[in-house]
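Please look through the sequence and the model shown here before reading on. The report is meant to be read with both of them in view.

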Amino acid sequence: QVQLVESGGGWVQPGGSLRLSCTTSGFALDYYSIAWFRQAPGKEREGVACIRSSDGSAYYATSLKDRFNIFRDKAKNTVYLQMTSLKPEDTAVYYCARRTGVQACLTWGASGDDYWGQGTQVTVSS
């Protein structure tokens with residue numbers, strides 16, 4: 001069965017770095033795009049980054065592209081989100097989701113998700 005499991009979250013001080021992992025099973029990353037989302041308390045879901053299945057191209061929210069990096073290890077069926085220069089505003093639950101279609105990394109709508117993980121908490125504070 002298809003599964004996605006996030007890990008790597010935790011507490012970090014402002015300015016610190018954190019790497020999140022999305023470990024997948026039941027499918028190959030060559031055929032499905034993977035996106036990272038986040039949701040902070042009281043806010044709606046926000047698209048963070050996406051890696052395209054066909055060529056590994058990366059897409060980011062405009063405000064995050066200078067600090068976040070998404071990459072994959074196909075042999076390990078894992079997609080990573082490297083976060084640097086973290087700010088308190090980055091505090092949220094981070095989710096990964098499998099997305100389908102040619103526009104999987106061009107839109108952030110929930111209808112594009114067919115599987116997702118349970119999330120991992122990231123807290124940035126002093």
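The paragraphs below take up the nonpolar cores, a hairpin, the disulfides and the aromatic rings in turn.

This is a predicted model, in which local features need pLDDT of at least 70 and side-chain atom pairs count only at pLDDT 80 or more, while totals for chains, interfaces and linings use all residues. Residues are numbered from 1 along each chain as its sequence is written, and side-chain values use heavy atoms, with hydrogens and water left out.

**Nonpolar cores**

In soluble globular proteins, nonpolar side chains tend to be buried together. A nonpolar core is here a set of buried Ala, Val, Leu, Ile, Met, Phe, Trp, Tyr and Cys residues joined through side-chain atoms within 4.5 Å, where buried means under 20% relative accessible area, exposed over 50% and partly exposed in between (1.4 Å probe, protein chains only). The largest such core has 27 residues, and the members that touch the most others are I34, W36, L81, M83 and Y94. At least two residues of this core come from each of the strands β3 (18-25), β4 (33-39), β5 (46-51), β7 (68-73), β8 (78-83), β9 (92-99) and β11 (120-124); strands (E, at least two residues) are DSSP runs, numbered from the N terminus. Apart from this core lies another one, of five residues, including A35, F37, C50 and C105.

With neighbours within four places in sequence left aside, the residues in contact with L81 (heavy atoms within 4.5 Å) include W36, V48, F68, I70 and Y94.

**A hairpin**

Strands β7 and β8 run antiparallel and are joined by six bridges; two strands pair if DSSP finds at least two bridges between them. One of the bridge partners is T78 in β8, which faces D73 in this pairing. The two strands form a hairpin with four residues between them, and N77 in the turn has a positive phi of about 55°.

**Disulfides**

A disulfide is a covalent bond between the sulfur atoms of two cysteines. Counted as pairs of cysteine sulfur atoms within 2.5 Å, there are two disulfides.

| Disulfide | S to S distance | Torsion about the S-S bond |
|---|---|---|
| C22 and C96 | 2.2 Å | about 75°, right-handed |
| C50 and C105 | 2.0 Å | -70°, left-handed |

C22 lies in strand β3 and C96 in strand β9, so their bond ties together parts that are 74 residues apart in sequence; both C22 and C96 are buried. The other bond links C50 in strand β5 with C105 in the loop between β9 and β10 (113-116), 55 residues apart. C50 counts as buried because its relative accessibility is 0%, and C105 is also buried, with a relative accessible area of 5%.

**Aromatic rings**

Three aromatic pairs are found in the structure; rings of Phe, Tyr and Trp (its six-membered ring) pair if their centres lie within 6.5 Å, with planes under 30 degrees apart counted as stacked, over 60 as edge-to-face and the rest as tilted. The rings of F27 and Y32 are edge-to-face, because their planes stand at 80°, with centres 5.5 Å apart. Another edge-to-face pair is that of F37 and W108, at 5.7 Å centre to centre and 85° between the planes. F37 lies in strand β4 and W108 in the loop between β9 and β10, so this pair ties together parts that are 71 residues apart in sequence.

A charge sits over a ring if NZ of Lys or CZ of Arg is within 6 Å of the ring centre and within 35 degrees of the ring normal. The charged end of R98 sits over the ring of F27, 4.8 Å from its centre, and R98 also lies over the face of Y32, at 3.7 Å from the ring centre.
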